[in-house]
There are 2 protein chains.
Amino acid sequence: MRTERLERLERALGHTFLRRELLQQAVTHRSYGTPHNERIEFLGDSVLNCVIAARLFELFPGLREGELSRLRANLVRQETLFAIAQELTLGNYLRLGEGELKSGGFRRPSILADALEALFGAIFLEAGFEAARSVILRLYDAQFKAIDPRQAGKDPKTALQEILQGRRLALPQYVLLTTRGEAHAQEFEVECRVAELDVCVRGIGSSRRSAEQEAAQQVCRILDGR
Amino acid sequence: MRTERLERLERALGHTFLRRELLQQAVTHRSYGTPHNERIEFLGDSVLNCVIAARLFELFPGLREGELSRLRANLVRQETLFAIAQELTLGNYLRLGEGELKSGGFRRPSILADALEALFGAIFLEAGFEAARSVILRLYDAQFKAIDPRQAGKDPKTALQEILQGRRLALPQYVLLTTRGEAHAQEFEVECRVAELDVCVRGIGSSRRSAEQEAAQQVCRILDGR
């Protein structure tokens with residue numbers, strides 16, 4: 001494959017390969033011949049699972065194991081990988097055998113999803129876990145932003161309450177500080193205080209409740225970091 | 001829990017915790033109260049899967065994806081984790097609720113396996129992937145050594161042959177170089193050469209065949225690194 005084409009893929013991934021042959025292998029479907037990407041895909045799949053698990057753990061301190069598992073399953077399934085592969089126009093870089101080429105294999109979700117996982121595996125192999133993590137999180141940015149905290153299980157206020165109860169601490173106090181704007185476009189500012197932990201943050205929202213949720217979310221993140 | 005007890009566990013793990021409360025949380029079963037180890041176990045499970053996948057990938061260059069998956073499933077299942085937890089005498093460090101304590105929960109395979117995974121998750125959280133990897137690989141050392149390469153799928157000679165055929169190269173040539181020692185304790189030295197790839201390595205074994213396998217294994221590793 002011409003070098004400038006692979007460089008375009010490297011730019012889209014945000015990673016420049018030291019071992020160009022690993023990049024080649026990652027985009028090589030088994031129909032093309034060996035070395036192909038099946039083994040590296042096995043590796044990439046497990047790296048992806050780990051990176052996504054760690055990110056969900058961090059983002060949703062109030063979620064239980066089962067809910068984290070469900071969210072992860074959603075993020076690592078073929079459909080999600082396929083969508084990201086399409087954004088990368090990964091189909092343009094695949095090496096496929098004659099048969100797959102003719103039958104449109106470069107558009108097939110399973111082939112594209114596998115190649116994307118193989119790319120994660122190749123980055124892990126040559127540059128380590130942190131390099132793979134940073135590429136994966138950048139590519140998954142929109143997916144993480146699209147997670148609805150309500151779908152993700154508990155809302156932040158409930159999550160915070162459970163965390164505090166778990167530590168045998170008093171419930172947080174929410175105080176409405178200000179209300180701004182006209183009736184149809186009001187903005188609320190709320191303070192959330194956990195006295196025993198010396199934590200006090202402010203949240204803003206278009207309703208009192210959403211301002212409280214925003215503040216609770218921030219407190220959850222602070223507590224998870226302690 | 002008394003500090004010296006936790007220090008004994010840290011020594012067995014080969015990791016000293018910066019955040020002692022994370023270690024406490026990892027050995028706390030949900031029956032004891034919160035914060036318990038369920039969320040960290042979710043994280044640890046995925047770290048373990050990734051570390052084991054990477055190690056198998058490296059150790060068995062001749063194995064295909066499906067065979068690697070089977071081996072991994074065997075290494076991360078409850079039984080294996082339970083065996084390692086027993087070596088660590090992890091039951092001595094668990095925090096369990098009254099009921100579990102009375103019914104012998106500190107000996108229960110699922111509780112011990114989960115706590116071990118939680119420990120991996122806790123190390124990952126505070127010290128990163130490489131720290132978790134080194135603890136896991138040390139604890140899994142005996143498990144990896146016990147993998148029978150025949151059970152693990154193909155023997156190295158077969159694996160090498162398949163790799164070369166896949167790359168459309170000629171088969172390797174094996175040449176017996178020397179035979180040493182007396183009849184009941186002979187040692188064979190064999191050379192394995194892949195001319196087209198400019199690779200030539202020597203293997204030693206107690207039979208001609210085992211010397212060839214040893215040489216083939218080395219060639220597989222070299223080719224996987226290219």
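**Starting at one residue**

Reply: B:Asp198 has a relative accessible area of 72%, so it counts as exposed. Keep in mind that this is a predicted model. Where does B:Asp198 sit? Look in the loop between strand 2 (187-194) and strand 3 (199-205) of chain B. Phi of B:Asp198 is near 60°, a positive value, and the residue is not glycine.

Now turn to chain A. A:Asp198 lies in the loop between strand 2 (187-194) and strand 3 (199-205) of that chain. Its phi is near 60°, again positive in a residue other than glycine. A:Asp198 is exposed because its relative accessible area is 70%, and the cut-off is over 50%.

Stay with the backbone for a moment. In chain B, the peptide bond from B:Thr34 to B:Pro35 is cis, with omega near -5°. B:Pro35 belongs to the loop between helix 2 (20-26) and helix 3 of chain B. In chain A, the bond from A:Thr34 to A:Pro35 is cis, with omega near -5°. A:Pro35 is in the loop between helix 2 (20-26) and helix 3 (38-59) of chain A.

Is B:Glu41 buried or exposed? It is buried, and it has no salt bridge. The nearest side chain of opposite charge is A:Arg72, at 9.0 Å. A salt bridge needs the charged atoms within 4 Å. What does B:Glu41 touch, leaving out residues up to four places away in sequence? Its contacts are A:Glu65, B:Asp114, B:Glu117 and B:Ala118.

Next comes a pair of helices. Helix 7 (residues 109-127) and helix 8 (residues 129-139) of chain B pack at an angle of about 150°. Their axes are 7 Å apart. From helix 7, the residues in contact are B:Leu116, B:Phe120, B:Ile123, B:Phe124 and B:Ala127. From helix 8, they are B:Phe129, B:Ala131, B:Ala132, B:Val135, B:Ile136 and B:Leu139. By class, this contact has 11 nonpolar residues, no polar ones and no charged ones.

Two residues of that contact, B:Phe124 and B:Phe129, also turn up in a ring cluster. Take the pair of A:Phe129 and B:Phe129: the ring centres are 4.1 Å apart and the planes are at 5°, so the pair is stacked. This pair crosses between chains, from helix 8 (residues 129-139) of chain A to helix 8 of chain B. Both A:Phe129 and B:Phe129 are buried.

Another pair joins A:Tyr140 and A:Phe144. Why is it called tilted? Its ring centres are 6.3 Å apart and its planes are at 55°, so it gets that label. A:Tyr140 counts as buried, at 0% relative accessibility. A:Phe144 is buried too, with a relative accessible area of 9%.

Finish at A:Ile147, in the loop between helix 9 (141-145) and helix 10 (156-166) of chain A. A:Ile147 has a relative accessible area of 15%, so it is buried. A:Ile147 and A:Leu75 are 72 residues apart in sequence. In space they are 9.8 Å apart, C-alpha to C-alpha.

Technical notes: Residues numbered from 1 in each chain as written. Chains lettered and ligands numbered in written order. Predicted model: local features only at pLDDT ≥ 70, side-chain atom pairs only at ≥ 80, totals over all residues. Heavy atoms only, no water. Axes fitted to C-alpha atoms, helices over the stretch in contact; angles between N-to-C directions. Helix = DSSP H or I, 4+ residues; strand = E, 2+ residues; numbered from the N terminus. Contact = heavy atoms within 4.5 Å. Nonpolar A, V, L, I, M, F, W, Y, C, P; charged D, E, K, R; others polar. Buried < 20%, exposed > 50% of the residue type's maximum accessible area, 1.4 Å probe, protein only. Lys, Arg positive; Asp, Glu negative; His and termini not counted. Phe/Tyr/Trp six-rings, centres within 6.5 Å; stacked < 30°, edge-to-face > 60°.
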